[in-house]
Amino acid sequence: MSESISTICVQGGYRPGDGEPRQIPIYQSTTWKYDTSEHMGKLFDLEEAGYFYTRLQNPTNDFVAAKIAELEGGTAAMLTSSGQAANFFAVFNIAGCGDHVVASSAIYGGTYNLLAVTMKRMGLECTFVSPDCTDDELEAAFRPNTKAVFGETIANPALSVLDIERFAAAAHAHGVPLIVDNTFPTPVNCRPIEWGADIVTHSTTKYMDGHGASVGGAIVDSGRFDWTAHADKFPGLCEPDESYHGVTYTERFGLAGAFITKATAQLMRDFGCTQSPQNAFLINMGLESLHLRMAQHSANGLALARFLDQHPKVAWVRYPGLEGDAGFELAQKYLSHGASGVVSFGVAGGRAAAETFMKNLKLAQIATHVADARTCVLHPANATHRQMNDDELAAAGITPDLIRLSCGIEGTADLVADVERALAAV
């Protein structure tokens, strides 16, 4: 029986047996006890499933990862300590020194910096293309050593919508996977795998947790990309891993499990970007109401975008669900259930007007956060994207006057009234 998103949000990933805990248990333990060294050796050799050290895997985390995999329609998933860690692992699992990645330029500033600066220091080159680039421009970005294409379903905070099918087709034509960060829509509003994405990442800190209580990330593998058909591009998956007893991941775990197993056995082992079981527990609590919250987030986002679009003190508005928005047609295709609660706009008068507006908000809170139950607001050029110069900001679709307002699940009329009062003070 195929279950709905709503049912998976509530019951996916963990089904208790007779007499077992109704809620996912928190396995707050670093280690597990075994009767024999031989048994533990089989675990270390990946010959048997089980747990031996929480830095690699933990049952609480795996229950929640399994729910997220179900929600996205993937075959395997893992949790990480943050969304940044998830994106790093997703790329570094298949691309490293001497390799190349193609990425949309309209992405979160921290991810842009990860690809353009930090991973460049590790020997990986990245070519950024506009999500609105022509087919020729997209094709020209690829190189013989390209190993992946990366983008965000809804860019943070530019709010451009990625044409997933088009970018997936380009990636597959070059024998590489498409990695999509689906943080803003969540699988409630978009399931990128259904449109051709191969790997999906999340900052679970955002809507999945939904309450500003826990930091985390997730990686989901579609299980559809045939690594073995391009074995020369992906030796880490298709050839023996001498750092892990010579295991060949695609042979031992198949296409459905190779990517996540390698990321766990190799990258989590070496980098230790582990999500705590307590945080995983909190994320699961958020997931249980995700389908309900996303509906209200999206309704508030659309209502506020329409209000701002008609206000004389607002210079411009960006919201994919808004009629006339540059991303509206793509949003109708990929985001038919809603375009999330994040709205970007500019107040007439530039930076100074933006600061005045933000000071006069009462309901919305200034915070370095987005996508939770409480409405929050941020000036990205002065915060999350502060490390970018003006040219890089422009390439990411961010202007100095841009305000990112993340609509919570408060009453719609109350939220609009708060924004209206703050605009009156400008």
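A polar contact is a pair of N or O atoms within 3.5 Å; within protein, one atom must be able to donate a hydrogen and the other to accept it, and residues adjacent in sequence count only if both atoms are side-chain atoms. Keep that in mind for serine 340, where a polar atom of the side chain lies 3.4 Å from the backbone nitrogen of valine 342. You are looking at a predicted model, in which local features need pLDDT of at least 70 and side-chain atom pairs count only at pLDDT 80 or more, while totals for chains, interfaces and linings use all residues. Residues are numbered from 1 along each chain as its sequence is written, and side-chain values use heavy atoms, with hydrogens and water left out.

**Serine 340**

- Find serine 340 in the loop between H13 and strand S9 (342-347); helices (H or I, at least four residues) and strands (E, at least two) are DSSP runs, numbered from the N terminus.
- Serine 340 has a relative accessible area of 0%, so it counts as buried; buried means under 20% relative accessible area, exposed over 50%, and partly exposed in between (1.4 Å probe, protein chains only).
- Not counting residues up to four places away in sequence, serine 340 touches Ile154, Phe184, Asn189, Tyr207, Met294, His297, Ser298, Gly301 and Tyr319; contact means heavy atoms within 4.5 Å.

**Lysine 206**

- An unreviewed UniProt entry annotates Lys206 as "modified residue: N6-(pyridoxal phosphate)lysine". UniProt positions are given in the numbering used here, feature names are shortened, and annotations may be inferred rather than shown by experiment.
- Lysine 206 sits in the loop between strand S6 (199-203) and strand S7 (217-221).
- With a relative accessible area of 17%, lysine 206 is buried.
- Its side chain makes a polar contact with the side chain of serine 203, at 3.0 Å.
- Beyond its neighbours within four places in sequence, lysine 206 is in contact with Thr183, His369, Val370 and Ala371.

**The seven-stranded sheet**

- What is the order of the strands in the open sheet? The seven strands run S1-S7-S6-S5-S4-S2-S3, and the pairing is mixed; two strands pair if DSSP finds at least two bridges between them.
- The edge strands are strand S1 (76-80) and S3, each pairing on one side only.
- On average, neighbouring strands of this sheet are turned by 20 degrees against each other, direction ignored. Axes are lines fitted to C-alpha atoms, for helices over the stretch in contact, and angles run from 0 to 180 degrees between N-to-C directions.
- S1 and S7 pair in the antiparallel sense over five bridges, and threonine 80 stands opposite glycine 217 in S7.

**Helices to look for**

- Helix H3 (residues 59-72) lies across S1, S6 and S7, running at about 125 degrees to S1.
- Helix H10 (residues 249-271) also packs on the sheet, touching S1, S6 and S7, and its direction makes about 25 degrees with that of S1.
- Alanine 256 is found in helix H10 and, at 37% relative accessibility, counts as partly exposed.
- Leaving aside neighbours within four places in sequence, alanine 256 is in contact with Thr75, Ala76, Asp221 and Gly223.
- In helix H7 (residues 164-173), the residues Ile164, Arg166, Phe167, Ala168, Ala170 and Ala171 are buried.
- The cover over these buried residues of H7 includes strand S3 (125-129), helix H6 (135-140), strand S4 (146-152), strand S5 (178-181) and helix H13 (328-334).

- Five of the five residues of strand S12 (residues 402-406) are buried, so the strand is largely enclosed by the rest of the structure.
- In a regular strand the side chains alternate between the two faces of the sheet. In S12, Leu402, Arg404 and Ser406 point one way, and Ile403 and Leu405 point the other way.
- S9 and S12 pair in the antiparallel sense over five bridges, with leucine 405 in S12 as the bridge partner of valine 343.
- Strand S11 (residues 376-378) and S12 pair in the antiparallel sense over three bridges, and cysteine 376 stands opposite serine 406 in S12.

**Cysteines**

- How many disulfides does a search of the whole structure find? It finds zero; a disulfide is a pair of cysteine sulfur atoms within 2.5 Å.
- The closest cysteine sulfur to that of cysteine 97 belongs to cysteine 126, and at 15 Å it is too far for a bond.
- Cysteine 133 is in no disulfide either, as the nearest cysteine sulfur, that of cysteine 126, is 13 Å away.
- Cysteine 97 is exposed, with a relative accessible area of 67%, whereas cysteine 133 is buried, at 6%.
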